[in-house]
Amino acid sequence: MQMHIPVSPICASGYAIREGSPEFDDIGAALDEAEGLGVDLVELPVYAWHLIVGGRLLNERVADLVRALEGRNLAYSVHGTLAINLMDIPERLPRHEKVLEANIEIAAALGAQHLVMHTGFVTDPGDDIEVAYSRQRDALVRAGERAAALGVRLCVENIFRFAGARETATPSKLAGELAAIEHDAVKATLDVSHAYLRCADARLDPLAEIAALGPHVAHFHLHDSFGMPSALWTYQPAEAVAFGEGDLHLPIGWGGIDWDAVVQAVQPAPGAVAVMELDPRHWRELPDQVGVLKGLAARFRPAAEPV
């Protein structure tokens, strides 16, 4: 009898490079570092670079970035504009969609298959939450069509309720929204730490929640925390780390996330990629963390095949 040894569904791993100069004129050193560490890919912080103005691409700068990335033994993913919010009120939604389209065009120009965008959130006290979710679904379908035409996959990342946010999707809610859309170019980024923070806020089981999102995951953000929403006043970021509160982006293994349980709970489809998001304050840990990341990525298993 031949034994079947399952292979990880994660096909590549790497990390998000530091934001650096908004003119990305220091990117060469960051790529040298990544190649030296032997990662498969790096995630580019497009949200922090001057590539879009008023929803319009600065095409010469995009071309400069394309040239800066050429000739490297690396694949790329893109983290898009953080402020995009497809659940915003109708009067502002066209601006979000315009900036998202520019992000899609940047990702395509860079040859990045995955464009990370945050799921939406509701802040307006008079907004109907389910209507806002409907706006987001419709906008994601439109964006998915544009992304598919350019060979890009949108990866909608779960976030947590920050100050002023009435609502943002739990992992299982995001899974339901993506299932309703059912678009091959619109998948999920599972940020495990964000999931733990959102579930603590909502008093939900984080393992059950991330398991529900698993089948939709094409991209991971992996970093550690204690899954404890911010409650204390702190002055320096190091104080938040000392208390273990908030979205800390710690080295994997420094926080309280049960990574053994995460690996057992989440079963993504084959072809997913894993990106570590390490706070720059902990960059000295990066060389060791690359090995930790690769080991963790290798432990994930795909959904069980029918017997």
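Select Y196 to begin: this residue sits in helix α6, residues 192-202. Helices here are DSSP runs of H or I with at least four residues, strands are runs of E with at least two, and both are numbered from the N terminus. Keep in mind that this is a predicted model, in which local features need pLDDT of at least 70, side-chain atom pairs count only at pLDDT 80 or more, and totals for chains, interfaces and linings use all residues. Residues are numbered from 1 along each chain as its sequence is written, and side-chain values use heavy atoms, with hydrogens and water left out.

Is Y196 buried or exposed? Its relative accessibility is 13%, so Y196 counts as buried. (Buried means under 20% relative accessible area, exposed means over 50%, and partly exposed is in between, using a 1.4 Å probe and protein chains only.) Now show what Y196 touches: leaving aside neighbours within four places in sequence, Y196 is in contact with P206, L207, G227, I257, D258 and V262. Contact means heavy atoms within 4.5 Å. Then click the C-alpha atoms of Y196 and I159: these residues are 37 apart along the chain, and the two atoms are separated by 9.8 Å.

Next, select P229, in the loop between β11 (217-222) and α8 (237-243). With 35% relative accessibility, P229 counts as partly exposed. Try the distance tool again, this time on P229 and G246: they are 17 residues apart along the chain, with 4.8 Å between their C-alpha atoms. G246 is also one of the contacts of P229, together with L197, A200, D201 and E245, if you leave aside neighbours within four places in sequence.

Time for a pair of helices. Two packed helices are described by the angle between their axes and the distance between the axes. Select α5 (residues 171-181) and α7 (residues 206-213): they pack at an angle of about 15 degrees, with axes 7 Å apart. (The axes are lines fitted to C-alpha atoms, for helices over the stretch in contact, and angles run from 0 to 180 degrees between N-to-C directions.) So α5 and α7 are roughly parallel to each other. That label goes to angles under 35 degrees, while over 145 is roughly antiparallel, 65 to 115 is roughly perpendicular and the rest is oblique.

Which residues of α5 and α7 meet? Show P171, S172, L174, A175 and L178 in α5, and E209, I210, A212 and L213 in α7. By class, this contact of α5 with α7 has seven nonpolar, one polar and one charged residues. (Ala, Val, Leu, Ile, Met, Phe, Trp, Tyr, Cys and Pro count as nonpolar, Asp, Glu, Lys and Arg as charged, and the others, Gly among them, as polar.)

Now pick E182, in the loop between α5 and β10 (186-191). E182 has a positive phi of about 50 degrees although it is not a glycine. Its relative accessible area is 71%, so E182 is exposed.

Jump to F24, in the loop between β1 (10-16) and α1 (27-37). Phi of F24 is also positive, near 45 degrees, in a residue other than glycine. F24 counts as buried, at 7% relative accessibility.

For the next stop, select N103 in helix α3, residues 93-110. N103 has 1% relative accessibility and so counts as buried. Show side chains, and you'll find N103 making a polar contact with the side chain of T81 at 3.0 Å. (A polar contact is a pair of N or O atoms within 3.5 Å; within protein, one must be able to donate a hydrogen and the other to accept it, and residues adjacent in sequence count only if both atoms are side-chain atoms.) Leaving aside neighbours within four places in sequence, N103 also has contacts that include V46, I52 and L115.

Finish with E167, in strand β9 (residues 167-168). E167 is buried too, with a relative accessible area of 16%. What does the side chain of E167 make a polar contact with? Look for the side chain of Y133, at 2.5 Å. Not counting residues up to four places away in sequence, E167 touches residues including G120, F121, R161 and R198.
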